[in-house]
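The tour below goes from one selection to the next.

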Amino acid sequence: MPDDTHAAVGSGEPVRWGFGSPGPLRDKLTSLAIGGGKVVTTSLLADYEIEGNRVEQPGDIAILLDSGERPLAMIENVLAKVIRLADMTDEDAIDEGEGYANAAAFRVSHEDHWNGYLDEVREGLGNPGFTITDDTLVVAERFRITGLLDSDGLPFDPTVRPAYPVDRPRVDAFLAANNADVVARLNEIVDARRHPALIAEVDGAIAGVLTWVLRGPSMEVLTLHAARHWAGAGTALVAAARRVAEASGAHRLWLITTNDNVDALRFYQRRGFRLTQVHADAVDRSRADLKPGIPETGEHGIAIHDEIELELLLGGG
């Protein structure tokens, strides 16, 4: 059940809040936001009044929390509108990123949630007659995530943030330049340009890109490339991906590389990944059936035949 109600805590410092309630719901909404598809969140104005918080203004920076109430990202308010529930637009409903076709669909799910804790709202307002109607005031907030935070709540260096639609042309060009736009692995072709991406940036320029796929309790690092080796972009992106996986409720972060990629094998193992499977001759099959352009010889003159699977188990994994 979708729910974008967020409760702020603290004062003076940036407001700290998380989507919905901690648990699977927050995990789902958080992954949608970091995936770049969710850029609007809607709350009852009454929740702000009960918590004693003002409505955010454009340019305000808040701290986004995961289900463990740990800092996950810096989030910037782009626009906040206090409107009647009946005046929610189709555009804002769609940009909630949860699959709503229009404002009517948005309203059905959100009314259901808000009515689920209506007694708490009435008690907080001191108004036993409060109900959800056309005239109920809500806050529709448009936002963007400006930077992910590490496990200590500090920004990554270089900055890592989600790729948004406006970023896709240069992200897709970066993937193509690294021969990572279309990937063959595990006997299938995957278009990395159609999946969420994290961008590492230095002075506004792309320093690296990591694309990812979330399926249930597992998150796959589909591609990872840096513009320049040994500059920290890869390390920051992997650490950020781990935080994204944890905040999305995943228990496993995994990836596929090829047997010739000894640099990648060293890189990932030094960051806690373990080798779990060797898919013998998998590259040979992909070369024959899916992607003929895969070279036969790779790094260090090693013949490319096999796919190697690595994984990092997270909390609860």
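Leaving aside neighbours within four places in sequence, which residues is Leu 148 in contact with? The model is a predicted one, and in it Leu 148 touches Ile 34, Leu 72, Ala 73, Leu 154, Pro 155, Phe 156, Val 160, Leu 198, Ala 240 and Val 244. Select Leu 148 together with these residues and show their side chains.

In general, nonpolar side chains in soluble globular proteins tend to be buried together.

Switch to a cartoon view and find the open sheet of five strands. Their order is E1-E3-E4-E5-E2, and the pairing is mixed. Which strands stand at the edges? They are E1 (16–17) and E2 (40–44); each has a single partner strand, so one side of each has no neighbour in the sheet.

Move to E3 and E4, which run antiparallel and are joined by five bridges. Select Leu 65 and look across to E4, where Pro 71 stands opposite. Now select helix H4, residues 103–116. H4 packs on the sheet and touches E2 and E5. The direction of H4 makes about 45° with that of E2.

Select Glu 69, in the loop between strand E3 (61–65) and strand E4 (71–84). Glu 69 is not a glycine, yet its phi is positive, about 60°. Is Glu 69 buried, partly exposed or exposed? With a relative accessible area of 39%, Glu 69 is partly exposed, because that class lies between under 20% for buried and over 50% for exposed.

Go on to Asp 281, in the loop between strand E13 (274–279) and helix H9 (282–289). Asp 281 is another residue other than glycine with a positive phi, near 65°. At 40% relative accessibility, Asp 281 counts as partly exposed.

For the last stop, select Asp 157 and Pro 158. A cis peptide bond joins them, with omega about 5°. Pro 158 lies in the loop between strand E5 (137–148) and strand E6 (159–162).

How values were computed
Residues are numbered from 1 along each chain as its sequence is written. This is a predicted model: local features need pLDDT of at least 70, side-chain atom pairs count only at pLDDT 80 or more; totals for chains, interfaces and linings use all residues. Side-chain values use heavy atoms; hydrogens and water are left out. Helices (H or I, at least four residues) and strands (E, at least two) are DSSP runs, numbered from the N terminus. Buried means under 20% relative accessible area, exposed over 50%, partly exposed in between (1.4 Å probe, protein chains only). Two strands pair if DSSP finds at least two bridges between them. Contact means heavy atoms within 4.5 Å. Axes are lines fitted to C-alpha atoms, for helices over the stretch in contact, and angles run from 0 to 180 degrees between N-to-C directions.
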